[in-house]
Amino acid sequence: MHDLSVSQAIARTVLKQAKEKRAKKILSLNLELGELTLLNPEQIHFWLKELFKDTPGQGAKIYIKKIFSRIKCKECEYEGSVSLRDDPFYHVYFPLLRCPRCNSTSLEIKTGRECLIRRIKVSI
């Protein structure tokens, strides 16, 4: 359900922007999804295609770029990625991130939380 509600918000935003620009058709949409959002790019793509049916977004090409996580540990100064287990439990409860070097939870998340509409291409 997380993927559906986020897809609905994306679709509303894109359709609103297209309407404000008086666009006849949405040609393409570029999204960036951070891995720490736990959003499934395939599900987002599926739901957007469904939500765009019978709208100016129908048939739009949807491009999704996955943004990998990068953290900085405040304890040992480690900078790099952090891995998440692919477990349905983590889709319900946000995982507790730990430094892979020292196991600290005192982290600064540099990237991986993005959910961005980077570009909307329309025809007017």
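Predicted model: local features only at pLDDT ≥ 70, side-chain atom pairs only at ≥ 80, totals over all residues.
Local features were considered at pLDDT of at least 70 and side-chain atom pairs only at pLDDT 80 or more, whereas totals for chains, interfaces and linings use all residues. Residues are numbered from 1 along each chain as its sequence is written, and side-chain values rest on heavy atoms, with hydrogens and water left out.

Helices (H or I, at least four residues) and strands (E, at least two) were taken as DSSP runs numbered from the N terminus. Two strands were counted as paired if DSSP finds at least two bridges between them. By this criterion, β1 (25–34) and β2 (61–67) pair in the parallel sense over 7 bridges. Within this pairing, Gly34 has Ile67 of β2 as its bridge partner. The chain passes from β1 through α2 to β2 in a right-handed β-α-β crossover; right-handed denotes that, with the strands pointing away from the viewer, the path from the first strand over the helix to the second runs clockwise.

An open sheet is formed by 3 strands in the order β4-β3-β5, with antiparallel pairing. Because β4 (79–80) and β5 (107–111) each have a single partner strand, they stand at the edges, and one side of each is left without a neighbour in the sheet. Strand β3, comprising residues 70–73, pairs with β5 over 4 bridges in the antiparallel sense. Ile71 stands opposite Ile109 in β5.

The largest nonpolar core contains 16 residues, of which Ile10, Val14, Leu29, Leu31, Ile44, Leu48 and Phe52 touch the most other members. A nonpolar core is here a set of buried Ala, Val, Leu, Ile, Met, Phe, Trp, Tyr and Cys residues joined through side-chain atoms within 4.5 Å. Two or more residues are given to this core by each of α1, β1 and α2 (41–51), and α1 gives the most, with 5 residues. Beyond its neighbours within four places in sequence, Ile10 is in contact (heavy atoms within 4.5 Å) with Leu29, Leu31, Ile44, Leu48, Cys115 and Ile117. Another core, of 8 residues, lies apart from the largest one and includes Leu36, Ile71, Cys99 and Leu107.

Accessibility was classed as buried under 20% relative accessible area, exposed over 50% and partly exposed in between (1.4 Å probe, protein chains only). Ser69, in the loop between β2 and β3, is buried at 2% relative accessibility. A polar atom of the Ser69 side chain lies 3.1 Å from the backbone oxygen of Val82. With neighbours within four places in sequence set aside, the contacts of Ser69 are Glu35, Leu36, Gly80, Ser81, Val82, Thr111 and Gly112. Lys21, by contrast, is found in the loop between α1 (2–20) and β1 and is exposed, with a relative accessible area of 56%. The C-alpha atoms of Lys21 and Tyr78 are 45 Å apart, at a separation of 57 residues along the chain.

The structure holds 0 disulfides, a disulfide being a pair of cysteine sulfur atoms within 2.5 Å. For Cys99, the nearest cysteine sulfur is that of Cys76, 3.7 Å away; Cys99 is buried, with a relative accessible area of 2%. Cys102 is likewise in no disulfide, and the sulfur of Cys73 is the nearest cysteine sulfur, at 3.6 Å. Cys102 is partly exposed, with a relative accessible area of 35%.

How values were computed
Polar contact = N/O pair within 3.5 Å; in protein donor to acceptor, adjacent residues only side chain to side chain.
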